Amino acid sequence: MSDLLTVRARLAAPAETVRHALTDPAELRVWLAEHAEVELPERYSFWGRFTPEGDAPHQRLLHADEHMLRFAWPLDGVETTTEFELTPEGEATVLTLRQSHFDFAEAMSGSSIRGVLQTFWALGIANLAAHLEGRPLLPRTDFTSADLRGELTIAAPMDRVWQSLTDSEQASAWFGYPIGIEPWVGGRYAMGGFESGYAAKVVDLEPGRKLSVDWGPTGISTWELAESAGKTKLTFVQSGFDEGNPPYAAWTGSVAGLAELRRYHEMADWQPIWLSVDMPTAGATS
């Protein structure tokens with residue numbers, strides 16, 4: 001059964017700046033898609049390598065005003081609906097994304113491209129936040145390639161980054177979801193915590209430098225650290241999967257999580273951008 005996916009994030013920019021980033025084609029090409037064309041109120045489209053089924057522009061604009069943008073987006077033969085709502089909050093803006101026809105079972109099985117919608121938008125919004133904060137963007141998923149590799153630089157020492165990657169409490173904080181980690185070869189790496197019923201396996205570990213986790217059919221995730229002028233270069237790779245059916249959803253979600261890892265280390269008063277779906281916003285009315 002498909003559900004309405006709702007994601008909320010607090011962005012460090014006024015609403016008019018966020019709306020410009022959402023509706024200006026040059027801005028969209030920076031943080032979201034390879035190609036974009038926007039002519040409000042008639043046209044809103046994006047496509048290319050970084051877009052699911054991005055061979056051509058498929059979106060159809062349904063509504064656009066100062067605080068709302070809604071468009072139809074056919075995926076795997078089904079017309080889905082995507083909506084962005086902007087709520088001013090002082091000098092910040094709360095962005096609410098609503099995406100129809102998301103099915104978590106499809107995300108787990110890979111049976112439909114619609115299964116990538118949650119992680120696609122998570123990475124997109126994380127890159128929008130980075131763009132608005134003036135930070136380098138994370139690698140976007142190339143949906144035409146099975147080469148799942150990227151890197152980012154974190155302004156923190158290697159030992160601190162390593163600890164945050166391998167300590168359950170810290171990893172759960174920056175990833176925004178419980179993670180149970182046993183940091184030794186053969187140990188468990190459990191998304192949802194050790195009581196979740198499923199855990200991947202740590203298959204390679206070089207203390208302070210490298211960690212590899214085997215997820216089974218979706219492959220092996222590897223994080224490798226290197227010192228870079230007092231900062232830490234993090235290289236992350238997904239390997240060992242069926243390259244005819246790459247685990248785009250898993251890869252995209254992992255990359256999206258790394259946005260908060262960087263902010264976790266680089267911001268003295270770090271707070272995650274992600275908000276609870278039922279959390280009220282300043283100025284909201286009942």
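Author: The answers below set values against their definitions.

Author: This is a predicted model, in which local features need pLDDT of at least 70, side-chain atom pairs count only at pLDDT 80 or more, and totals for chains, interfaces and linings use all residues. Residues are numbered from 1 along each chain as its sequence is written, and side-chain values use heavy atoms, with hydrogens and water left out.

Reader: Why is Asn127 called buried?

Author: Buried means under 20% relative accessible area (exposed is over 50%, partly exposed in between; 1.4 Å probe, protein chains only). Asn127 has 0%, so Asn127 is buried. Asn127 lies in helix H4, residues 117-133; a helix is a DSSP run of H or I, at least four residues, numbered from the N terminus.

Reader: What does Asn127 touch, not counting residues up to four places away in sequence?

Author: Asn127 touches Trp31, Leu137, Leu138 and Arg140, where contact means heavy atoms within 4.5 Å.

Reader: What makes H5 and H6 roughly perpendicular?

Author: Helix H5 (residues 158-166) and helix H6 (residues 168-175) pack at about 85°, with axes 5 Å apart. Axes are lines fitted to C-alpha atoms over the stretch in contact, and angles run from 0 to 180 degrees between N-to-C directions. Angles under 35 degrees count as roughly parallel, over 145 as roughly antiparallel, 65 to 115 as roughly perpendicular and the rest as oblique. H5 and H6 are therefore roughly perpendicular.

Reader: How confident is the predictor in the protein chain, by average pLDDT?

Author: pLDDT is the predictor's confidence in each residue, from 0 to 100. The protein chain averages 92, and 96% of the residues score at least 70. Over residues 279-286, pLDDT stays under 50.

Terms used. Helix = DSSP H or I, 4+ residues; strand = E, 2+ residues; numbered from the N terminus.
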